[in-house]
Structure formats: C-alpha cells, structure tokens
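Hello,

I am passing on the structure we discussed. My notes on it follow below the entry.

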Amino acid sequence: MVIDDLIEIAEKEKAARKPCVVRCCMAAGCMSSNSQGVKEALDRAVKAAGLEDRVEVRGVGCMKLCCQGPLVQIDQEAPGATVEVQTIGKGPLYEKVTPESAASLIETIKGGSTDVSAADPQHPFFTQQFSIVLANSGIVDPERIESYIAAEGYHALHDVLREMTPKEVVDALIKSGLRGRGGAGYPTGLKWATVAKTASAQKYVICNADEGDPGAFMDRSVLESDPHAVLEGMAIAAHAVGASQGFIYVRAEYPLAISRLQTAIKQAKQLGLLGSGIFESPFNFSIDLRIGAGAFVCGEETALMASVEGKRGTPRPRPPFPAESGLYNSPTLINNVETFANVPAIIRKGADWFAGIGTEKSKGTKVFALAGKITNTGLIEVPMGTPLRKIVEEMGGGAPDGGTIKAVQTGGPSGGCIPAAALDTPVDYDSLTKLGSIMGSGGMIVMDETTRMVDVARFFMEFCMDESCGKCIPCRAGTVQMHHLLAKILERKATLRDLQKLEELCDMVRSTSLCGLGQTAPNPVLSTLRYFRQEYLDLLREDALGPGANGHSSRTTTPAPQPAGGN
Amino acid sequence: MAARTFTIDGKHVSADESATILEAASEVGITIPTLCHLDGVYDVGACRLCLVEVTGVPKLLPACTTRVAEGMDINTDSERLRKYRRMTLELLFAERNHVCAVCVANSHCELQTLAYTLGMDHVRYEYTFPRWPVDNTHSLFGMDHNRCIMCTRCVRVCWHIEGAGTKNVSGRGARSQVISDLNQPWGTSETCTRCGKCVMSCPTGALFAKGVTVSEMERDRTKLEFIVTAREKKQWIA
Amino acid sequence: MTDMIATLSTKKENRLGKVLEHASGDKRFKILEAHMKKHQFKHDALIEVLHKAQELFGFLEEDLLLFIAHKLKLPASRVYGVATFYHFFTLKPKGQHTCVVCMGTACYVKGADKVLAAIEEKTGIKAGETTEDNQLSLLTARCIGACGIAPAVVYDGTVTPRQTPQTALDRVKGWTSHGN
C-alpha cells in the first residue's frame, strides 16, 4: 500500500457514486426500531422502480436524532452530477420510517409524494452542530473501508508515517490543545509525550471503549458509525509513542460496535493499513479487541489493564502511572474512543485549526448524548464553551409536553446535577468542575420538575455500590452506608444527624478511596446537597428539626416517596 | 541504589530510592497504622489506613505503595488522618459481624488493637449483620467469614509464598469473599497443602487453627518472615 | 443456622479426573479447547475463553470452570474469582427466555423502575432470578446505550424501544406458564 493505491481506491469509490443516495441509519438505536427491515424494503423498492443505476441505498452510522428513528435521508443531485461528501446531508431527513412506508420514499425520487414526516433541517438541533468526531457519522458506510478512504480516510496516517517524525506528531497534539475525552480532561499531547519519552522495547496503545456511564452512548455511536477513524487515530498514536500493539477494550453490551470493529480491523489488515510495514515504512502495528464482561470499574485505566490481562478488574494505586508502567508492566498509552477519533482530523487539518475551536483551556468540540426528559434525544457535537442552555433548550428543544427543566446531570455516577439556574454556564472542563460536576464522557441527562433529586442521588449511589470492586474499604463499605442513609432519608426516617453523617462520609470516601470510582462516588450526593438541600431537609423526620427550622412549610408539596426501583 | 532525603513528621530521614514511605517510617520508629500490609508479600494499597499527607500533593497517598522522593515532606499523623482512620475502622466493624467477646482472636487481633490505639470507641453507622457462613470442613483450620475484612493477605501468601493458589476472592463489592478453589468447602480443596500460612497471616479471627477457643488464637509471624527473608539473610544453613 | 456451617467431609474426590473424562465425550469441550489453543493457552485469554465457554454452554458450571483452569494452568480459585467478578458471566442456567430491563439513568428517569416492578410483580421473581419453570430469566442492565429510545428492554436479545409497564407485560405474558 502506497499513497497512490489509497488515492486510487478513493477515486474508484467516487466514480461509482450515483446521483441519488438514500442513507438509512444502521446504528443500534435505529436498529432496535427495525431499520434493518427498512433498508431491505428500500432496496426492494429501488429494484421495483428500476432505479438501480441512479439510486444507491447505503447503510450508514448514527444520524443523531435517535428519538425519531429509524431515520432515512435522501440526497439527490441534478442529472449528470453525483452526490459528493461535501453536498451530502442537504436532502430531507425522514423520521420513524417503517418497512411499509419505505416504498413511498423511493417514489419521491421520481417526483412523487410521501406521508412520512421529515425533520426540519433548519432546526437548531442540526444547524448548531459542529462536526469533527461525527463528521463521517451518518455519511460513510461503516462496514466498507473504501467509503472511509473516499472521505479522506487514512490519509493522515500516511502523512504521519511518511512525512512526520514521532516528535512532530506529539508536538502537533500538544499544540492542538486536545484534552482527554474520557472525563478527566488530561492533556492528550502531554500523555503521549510521557509515553514516548519512557524507554522500553515494548509499548502498548489502548483504546478505552468501556463506556460505562449510564446515559452515555457517544462512544458506541462513534464505533458503530466510523470505526476506521478510531483505528487510524490509534495507529497515529502508536507511531508517535513507539508502540506496535494496540488493544480496544469494548463493552460486551455493544454487540454491533464489536462486530463493526471486527470488520474494520479485518479490512484494514487486508489493505495493509494495519500489520507490518504500513505505507512501506518500518512501522508495524496491529490491533486486538478485548471484550469486557460487565464491570463499570473497568473504565478506570488500571482496572481496564488488569481486565485486558485476564484478571479481576480491580484498580491498583497510581503511581506508577500507565505511561510508565501499564499493561504487562510496559509503558502504555490509554485514551478514550472520542479522543482517538479526533486525531486524524487534527493531523489532516492542522493543530492550529483545531486550537481555533472552543475556549481558551478546552479546545475542539465535544460530543454529548442528550437523554432523559428532553424533546430531542440523540447525539450532538458542539464547540467547547457552548452554553448549556443552548444545548438543552435550543438544540434539545427543552423538556417535552411543556415541562420545565429542573437540572441537567453530566458525568454519570461521577458527575453532578447542574441546576436550571446555572444553565448559562459554558460547557468546558473547568466551568463544570466549578459547578461541582464534571464534563465526564458526555452523557447529559435532563431532569424535569417531576424528578426528585434525593432519589437521583440514591440511584447513583446504588449504582456505585453495585459496581464497587470491593478492594478498598471506603468504597466497598462506605457506599453501602451512604446508600443506606439516602434510603433512610427517602423513607422519611432520617434526622439531621444522619444528614451530617452522610456529608461526613462523602468527604471521607472522596478523600480516601483507591480509584476514581470511589473518589467520585459522592459527587451526585454532594452536588444535589449543594443545589437542592431543601429537598433533603423536607424529607427529614418531623421531629428532626428544631422549632423554627425551615423545611416544615413546604413538606406537603413534596410528593411521597415511591417504592425504590431495582432490587 | 541512590539515597533520598526527606522529612517524616518533621524528622529528617534518608532512605534508598526503592523504599516505600512505610518502610522508611518504620526504620526511624514511626508507626503508620496498616491492615492489608504484611511484610514479605507485595502490597495492594487496599485498606487505606496508611494514607499520609505529602506537602504539595492534593491527594492522600498510601504509605505502603508510595516510594520516597527527594525533598518529600510527609505527615503521617493529623486530626484529619486520625478521623479518616477511625471512620475506616467504623465502616469495617459495621460491615460484618465482629464480636470480640466471642472471637478466637480476642486480644490478639490487629483490627481490635487498631480500634484501641486510634480511639475508635463506638460505631456510628448501622450494623448490617450479614449472614456469612463458617467453614469448618478443613481438618486443621477453620474460616469464619463473619470476621473477614477482605485484606487479602491470605490470598497473597497462598499464591506468592506457598504457590498453591487455593485462596482467591470471588464476587465484587460488599458481596466479595475469600474462597477456596471453586468456592467449595475448604476441606474438599484439592490444592490446599495445609501449610497454614494463610492462618498465620490473618489479622483477625477469620482464619484460625482448629481447637482454639475465645482469645486463644495467637499467631507467630516470625515463621512467615523467616520463609520470605531466610534466603537473603542466609538463614537456610543450619 | 445449620445451612451456614458446612459439614465435615473427610473424603476428597478426584473431581478433575471426572471432568476430563466427561469432557472427552462432549464436542463443545473440543471447540472450547481449540479456542484456547488459538490463544496459545495464555493466562491473559481467560476472559475471552470464558466468553466462548458461556456462548457454547449457556452458563458456566463449576466443572467447566475446572476444565478451563486445568487447560490454562491457572488455579481454579482464580478462574472462579474472575467469572464471578464480571456480571456478564452467569454460573447458573438461564431460562428459555431472557428479559433485560435497562436501568441506565435515561431509562430510569423515564420510568424503567416501574417497568421492572410490573414484570417482577407479574412473574413473582426479582431481577437476577429465573422462574421456577425455567421459562424466563429477568435481568437488569447498567445501560445498554440505547438512551435515545428510553426506556429500553431487551427481549431475547432484541432491543425494544419506549417500553411501558403494559407493553412489557404483554411481551412477557406468553413466556410464563401462569401467564394470563
């Protein structure tokens, strides 16, 4: 494989294009609403209408507006022209398509009409998006490497291998200002530099695709929609740090992502884009998949590495950090899916271009998964620093059925609840941390006035309790006690003393736990205590507060606790 | 082999760069409370009792796994650390059924001793009173899961010193427990060599020799230490 | 209390020998061994091997774990420890049908707890259990990433969007013998 081969594949792919492209979403969200059946019906309708040489039906990745799936978009050019990457996505986006209504969509190509409703392309949900990571999502066919190559895929890897030294690549990443998208926001370039500087015969690159935060599905969508971008990003990283073996640790709960990755790795190997002597350089790199088995704690890097080694996924104290001693005690670079997916674009378009997007300390874009009590659930990608209000009210369309937004939960079980009053906060690492939450991996759960914050805190504490690995005492026993206290509050049996105990435990567990899971487990409690303390006080026992203490008057307005869900 | 100089509780100390804070402290007679640490086997940093403050580091660091560094200013005792250590012990006492009065290890128990020395005089958290079994099937030893604090010393000595691998941890979170082979009665284990190292290593009354009653389970750690260090100290030769 | 104190057993049986004898007559063990060979019987392949074993046998019974431990030359306790650490692995047989209620945050705030409660009430089993007639296993997931279509329930491997207590009950009705 040399660059000419790559260009030839891209040209061949482009030449085969047709004037009309019907794209059908084949990501997990739409698949669960039978988009497979829709695609088959579309194929049949095209055949029946005799339009095979004019119309291409393409299965693509996520088209973002997941709540309205299955989604189908039809792009059509004037006779003679073909649909190019640049012009794609201008046609109508049909919602909730069924196999029965699919044929009528094909009729529209010939000038007919359809009853299927189409989304408004001028809605802020679409116009306010800024795509880097999701640029190919919904456009390229994730199961065909040629489709990715035609969208300039693997060109960045070529440039890096043939024209840049590892140090130049690391410098470009430092200059771009990219920070880890897994949650903590550690500068990616700095991490790469540390691994690159550590001398060792064997180094590893790991992609953390163990997207465990409940309510987050960005990484799943990236893997299902554009798996090659992740592979290319990993290969560039491997060149930069001097690694020859990569692993992708992906959750067993994502079977579609696993199968797309397997296909992508196979295709890349066949074309020589993975393996030995890539682009006729001395660089060798192969990638293996490791399937998780249902343990949230394995998102923590040292636990993840233990799991890759086939052990119980328990974390170990850091230092030593993985960059010095990680997988099999070798220097290991470990980044999240979205981080790697940013890399090819940074190399292709330049570090300065990337650094020009976002805020001073948070560069680029961030993908968020909007879910919960919000009209438009789905995926959005926006520049860092976009105000939260713009995301949830304009793009997300606010709470459904005229409800009002009460809080936005970010960062999953490690994050916190941001009250509606703080919606004007720009979304970047530092602003969210100041509010007592975290950026996290990008899950954004919107809560309306029917959501009870103490119950939310209990929900997350139950999660942490179940997912605690049991190695260190504060997390193993502390989460049990905190959960017990929260349940006691919800049962209206707690006193002010219990609330103090809860706060004291939050501080202790946060300060003394071994890994990130325990250290951040109190966050949902602390942030709800900070912004919704009254809800806690309202639930305390009648005799818990002294005379004159607040909390009595509003007690009747608080709905009675429901029996807790789960077990 | 390079020496590092630093301070522990205001005292100037020097130690080899490979030393942990715990080792360096014990060298100069400063005791840091520990439960999961056991001389001779590798550390896991699980009990969090040995956490210390280091000036300039925002997080508390486990003394057992943190190596010393030049100029480090270490503080092993403060009101905050004492409070956290007491709370850790309270959590342990509330987690399983630690009833000293009827325990074989009463007055020879590291958990009990720590509670005394750290001033943990009562438990403010609700006892969970879990129903854990007692495994009395082994011909020489017994295991009472009610007394287990999951320090995993027994697991480590079984694998790293004896090489038997009979003991391991199953499950996770509060439901994790020490098992023998496939979570079967200890007496039916096909791998147990009946060496007794696990019993010697246990800090509480969870593992005991058969035939002992309340307060009679004393442990001889010198044997364990001998096995680990005899080679380097050239004690094999009679 | 008698169930909490194991009884004294004096005789050890040669369990491994029996397992190996049994395995020689079962084709699935051969497939599993071939899979281990593909991984060169490396210790770090343990989780991959457990995945394969569960795929072949449906669940991980103790003899199977012993077989894997023997072939990978790992202590049995280590294999058992790993198998019980990860929630994906099950040591008990599953029912004919499975119903996995997603309890991720998005599903939870949209009422997944009520869906689960309805199924639990109808079937008389709790999450994590299997009905006595072995027809239905009720499970919960920590987030299947289908938040856009919350609340989601997975019936026999098919993700189904926007569930309510009623739609869920309709779906599992035929799977329970006393379903009416």
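The C-alpha centres of domain 1 of chain C and domain 2 of chain C lie 31 Å apart. Chain C is divided into these two domains, with domain 1 running over 14–85 and domain 2 over 97–173. Please keep in mind throughout that this is a predicted model.

Confidence and domains of chain A

The average pLDDT of chain A is 91, and 94% of the residues score at least 70. One stretch to treat separately is residues 547–567 of chain A, where pLDDT stays under 50. For that stretch the model has 28 contacts beyond four places in sequence.

Nine residues from domain 2 of chain A and eight residues from domain 4 of chain A make up the contact between them. On the domain 2 side, the classes are six nonpolar, two polar and one charged.

Two places inside chain A

Helix H14 (residues 337–349) of chain A has 13 residues, of which eleven are buried, so the helix is largely enclosed by the rest of the structure. The buried residues of H14(A) include Val337(A), Glu338(A), Phe340(A), Asn342(A), Pro344(A) and Ile347(A). Just after H14(A) comes Gly350(A), which takes a positive phi of about 100°.

The other place is Asn523(A), which is found in helix H22 (residues 523–531) of chain A. Asn523(A) counts as buried because it has 25 C-beta neighbours inside 10 Å, where the cut-off for a buried residue is 20 or more. Ser414(A) is 109 residues away from Asn523(A) along the chain, yet their C-alpha atoms are separated by 5.9 Å. Leaving aside neighbours within four places in sequence, Asn523(A) is in contact with Ser414(A), Gly415(A) and Gly416(A).

Contacts of chain A with the other chains

Which helices of chain A each supply at least two residues of the side that touches chain B? The contact itself takes 21 residues from chain A and 24 residues from chain B. On the chain A side, helix H18 (453–467), helix H19 (473–490) and helix H20 (496–512) each supply at least two residues. H19(A) gives the most, with eight residues. By class, this side of chain A divides into ten nonpolar, seven polar and four charged residues.

The contact between chain A and chain C involves 39 residues of chain A and 41 residues of chain C. Here the elements of chain A that give two or more residues are helix H2 (28–31), strand E10 (365–372) and strand E14 (443–448). E10(A) provides the largest share, three residues. The side of chain A that touches chain C divides into 16 nonpolar, 16 polar and seven charged residues.

Chain B

Chain B has six helices and ten strands. Its radius of gyration is 19 Å, close to the 18 Å that the globule rule gives for 238 residues, so chain B is as compact as a globular protein of that length. The C-alpha trace of chain B spans about 55 × 50 × 30 Å along its principal axes. Of the 238 residues of chain B, 46% count as buried. Taking contacts in chain B between residues at least 6 apart in sequence, 62% join residues at least 24 apart.

Chain B also contains an open sheet of three strands in the order E6-E7-E10, with antiparallel pairing. Strands of a sheet pair through backbone hydrogen bonds, either parallel or antiparallel. In this sheet, strand E6 (134–135) and strand E10 (207–209) of chain B are the edge strands, each pairing on one side only. E6(B) pairs with strand E7 (residues 141–144) of chain B in the antiparallel sense over two bridges. In that pairing, Val134(B) stands opposite Asp144(B) in E7(B).

Regards

Key: Residues are numbered from 1 along each chain as its sequence is written. Chains are lettered from A and ligands numbered from 1 in the order in which they are written. This is a predicted model: local features need pLDDT of at least 70, side-chain atom pairs count only at pLDDT 80 or more; totals for chains, interfaces and linings use all residues. Two residues are in contact if their C-beta atoms, placed from the backbone, lie within 7 Å. Helices (H or I, at least four residues) and strands (E, at least two) are DSSP runs, numbered from the N terminus. Ala, Val, Leu, Ile, Met, Phe, Trp, Tyr, Cys and Pro count as nonpolar, Asp, Glu, Lys and Arg as charged, and the others, Gly among them, as polar. Domain bounds come from an automatic or database domain assignment. The radius of gyration is taken over C-alpha atoms; the globule rule is 2.2 Å times the number of residues to the power 0.38. A residue is buried if 20 or more other C-beta atoms lie within 10 Å of its own, exposed if 12 or fewer, and partly exposed in between; C-beta atoms are placed from the backbone. Two strands pair if DSSP finds at least two bridges between them. pLDDT is the predictor's confidence in each residue, from 0 to 100.
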